[in-house]
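Reader: I have a protein chain open on my screen and would like to talk through it. Could we begin with its surface and then go inside?

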Amino acid sequence: MVVNIDSLNKKELYTQVKNWILETYNTPSEVIKSEIENKKIRIEGSKSNLIVMKGILGKPYYYDSKYSIEISVRDGKYKFDPISLKYWIPSSQYISAKWQDLYIFDKGSLSSFYNQKGMKKGRVISIWASLPSDLEMHFDGLNISLFNYIQKNKLEESSDDDW
């Protein structure tokens, strides 16, 4: 998603993005995975219970997740780009605990989340029914938080602050 922010150059936007990360995440030094100054930052965040899968008899299973986002800046705009998502599968008598990639950002790999045959072809498989909206709300929420942070700081910098 590309977001226009009038009147800020890429250096100012980069500073605002970095400050948002510093204020939003508990351990920003661990969250920032790479950065090219005044160009882009890649972060890795986590969220408890982001992934919900319906099990037998509709019982939900909640999974913690890790995600990567790349935020690129140019004069007057930034690009908010989720690039990967993993969820934690706890160990059981059948499997060892592990991080499992969720290939939602690779269009070729999305087919495993959708019905392939019959009348329900093209619809999300029922065990993953809430996944698209949950992920959309999560990433949109992060992007809105970043946008609001930039707008708030842009207004504060332009006002006379006599404290």
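**Surface and interior**

Author: Arg-74 counts as exposed, because its relative accessibility is 58% and the cut-off for exposed is over 50%. Please keep in mind that this is a predicted model.

Reader: Where is Arg-74 found?

Author: Arg-74 belongs to strand 4, which covers residues 60-74.

Reader: Which residues gather with Arg-74 in a patch on the surface?

Author: Lys-10, Lys-39, Lys-77 and Lys-79 gather there with Arg-74, and the patch carries positive charge.

Reader: Let us step back to the overall layout. How many helices and strands are there in the protein chain?

Author: The protein chain has 3 helices and 6 strands. Starting at the N terminus, the order of the elements is β-α-α-β-β-β-β-β-α.

Reader: And what percentage of the residues is buried?

Author: Of the 163 residues in the protein chain, 31% are buried.

Reader: Now the aromatic residues. How many aromatic pairs does the count come to?

Author: The count comes to 4 aromatic pairs. One of them is formed by Tyr-63 and Tyr-87. Their ring centres are 5.2 Å apart and their planes stand at 65 degrees, so this pair is edge-to-face, given that planes over 60 degrees apart count as such.

Reader: Which parts does that pair tie together?

Author: Tyr-63 is in strand 4 and Tyr-87 is in strand 5, residues 77-89, so the contact ties together parts that lie 24 residues apart in sequence.

Reader: Are Tyr-63 and Tyr-87 buried or exposed?

Author: Both Tyr-63 and Tyr-87 are buried.

Reader: What about the pair of Tyr-67 and Phe-139?

Author: Tyr-67 and Phe-139 are also edge-to-face, with 5.6 Å from centre to centre and 90 degrees between the planes. This pair links distant parts of the chain, with Tyr-67 in strand 4 and Phe-139 in helix 3, residues 131-158; the two are 72 residues apart. Tyr-67 and Phe-139 are both buried.

Reader: Staying with helix 3, where is Gln-151 found, and how far is it from Ile-5 in space?

Author: Gln-151 is found in helix 3.

Reader: Why does Gln-151 count as partly exposed?

Author: Gln-151 has a relative accessible area of 25%, and partly exposed covers the range between the buried cut-off, under 20%, and the exposed one, over 50%.

Definitions and conventions. Residues are numbered from 1 along each chain as its sequence is written. This is a predicted model: local features need pLDDT of at least 70, side-chain atom pairs count only at pLDDT 80 or more; totals for chains, interfaces and linings use all residues. Side-chain values use heavy atoms; hydrogens and water are left out. Patches are made of residues with over 30% relative accessible area and no salt bridge: like charges are joined within 9 Å, nonpolar side chains (Val, Leu, Ile, Met, Phe, Trp, Tyr) within 5 Å. Accessible areas come from the Shrake-Rupley method with a 1.4 Å probe; for residues, only the protein chains shown count as cover. A salt bridge is a side-chain nitrogen of Lys or Arg within 4 Å of a carboxyl oxygen of Asp or Glu. Lys and Arg count as positive and Asp and Glu as negative; His and the chain ends are not counted. The place of a charge is taken as NZ of Lys, CZ of Arg, CG of Asp or CD of Glu. Helices (H or I, at least four residues) and strands (E, at least two) are DSSP runs, numbered from the N terminus. Buried means under 20% relative accessible area, exposed over 50%, partly exposed in between (1.4 Å probe, protein chains only). Rings of Phe, Tyr and Trp (its six-membered ring) pair if their centres lie within 6.5 Å; planes under 30 degrees apart count as stacked, over 60 as edge-to-face and the rest as tilted.
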